[in-house]
Amino acid sequence: MPHYYSPATGEHIRTADPAPWMGVTDIAPPDYDPATASAIWRDGAWVIEAATPPEIPVPDAVSRFQARAALHQAGLLEAAEAAVATSDMIVRLAWQDAQEFRRDSPTVAALADVLGLTPAQLDELFRQAAGIVA
């Protein structure tokens with residue numbers, strides 16, 4: 001996708017449709033790789049900044065297998081199973097029979113609390129789980 005900038009304003013955009021950017025050129029700086037950096041014309045010179053990878057969204061749910069595999073990879077599966085074994089019947093049934101685990105479920109919140117996981121750690125665990133394929 002072309003990269004357009006306006007030396008007059010310093011604005012920079014990546015777009016397939018440059019029509020709104022009248023008077024803008026598609027000159028890119030040397031050694032510029034748009035996959036790994038962004039470039040902007042500022043104060044008469046190119047400024048190249050490392051690209052910030054987009055944040056992976058937290059999935060609403062993961063499969064039972066994905067959840068258990070992510071817990072295993074994080075070294076938490078045995079602790080989770082021990083916590084489930086001492087929980088009420090609903091939690092034990094959910095652990096045993098649920099086809100998926102939802103990020104916003106009370107069972108997941110209770111297990112995260114017992115395991116000492118912060119909300120951010122639980123989000124990361126869900127992201128990791130979503131990437132696991134059987």
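A search of the whole structure finds 6 salt bridges, each defined by a side-chain nitrogen of Lys or Arg within 4 Å of a carboxyl oxygen of Asp or Glu. This is a predicted model, in which local features need pLDDT of at least 70, side-chain atom pairs count only at pLDDT 80 or more, and totals for chains, interfaces and linings use all residues. Residues are numbered from 1 along each chain as its sequence is written, and side-chain values use heavy atoms, with hydrogens and water left out.

Start with Arg-68 and Glu-81. Their side chains meet in a salt bridge at 3.1 Å, N to O. The pair links distant parts of the chain: Arg-68 sits in helix 1, Glu-81 in helix 2, and 13 residues separate them. Arg-68 is partly exposed, at 22% relative accessible area. Glu-81 is also partly exposed, at 31%. Here buried means under 20% relative accessible area, exposed means over 50%, and partly exposed lies in between (1.4 Å probe, protein chains only).

Next comes Arg-102. Its side chain meets that of Glu-100 in a salt bridge at 3.7 Å, N to O. Asp-104 forms a salt bridge with Arg-102 too, with the closest N and O atoms 3.6 Å apart. Arg-102 is partly exposed at 36%, and Glu-100 is partly exposed at 41%. Asp-104 is exposed at 61%. Elsewhere, Glu-55, Glu-124 and Arg-127 are linked in a network of salt bridges. Side chains of opposite charge can pair when their charged atoms come close.

Now the overall layout. The chain has 5 helices and 6 strands. Both are DSSP runs numbered from the N terminus: helices are H or I with at least four residues, strands are E with at least two. From the N terminus on, the order is β-β-β-β-β-α-α-α-β-α-α. Of the 134 residues in the chain, 33% are buried. Contact means heavy atoms within 4.5 Å. Among contacts between residues at least 6 apart in sequence, 46% join residues at least 24 apart.

The largest nonpolar core has 24 residues. Such a core is a set of buried Ala, Val, Leu, Ile, Met, Phe, Trp, Tyr and Cys residues joined through side-chain atoms within 4.5 Å. Leu-71, Trp-95, Phe-101, Leu-117 and Leu-122 have the most contacts inside this core. The elements giving two or more residues to the core are helix 1 (64–73), helix 2 (77–85), helix 3 (89–97), helix 4 (106–115) and helix 5 (119–130). Leu-122 touches Arg-103, Val-108, Ala-112 and Leu-117, leaving aside residues up to four places away in sequence.

Finally, the surface. Met-89, Ile-90 and Leu-93 form a nonpolar patch there, with about 300 Å² of accessible area together. Patches are made of residues with over 30% relative accessible area and no salt bridge; like charges are joined within 9 Å, nonpolar side chains (Val, Leu, Ile, Met, Phe, Trp, Tyr) within 5 Å. Accessible areas come from the Shrake-Rupley method with a 1.4 Å probe; for residues, only the protein chains shown count as cover. Ile-90 lies in helix 3 and is exposed, at 59%.
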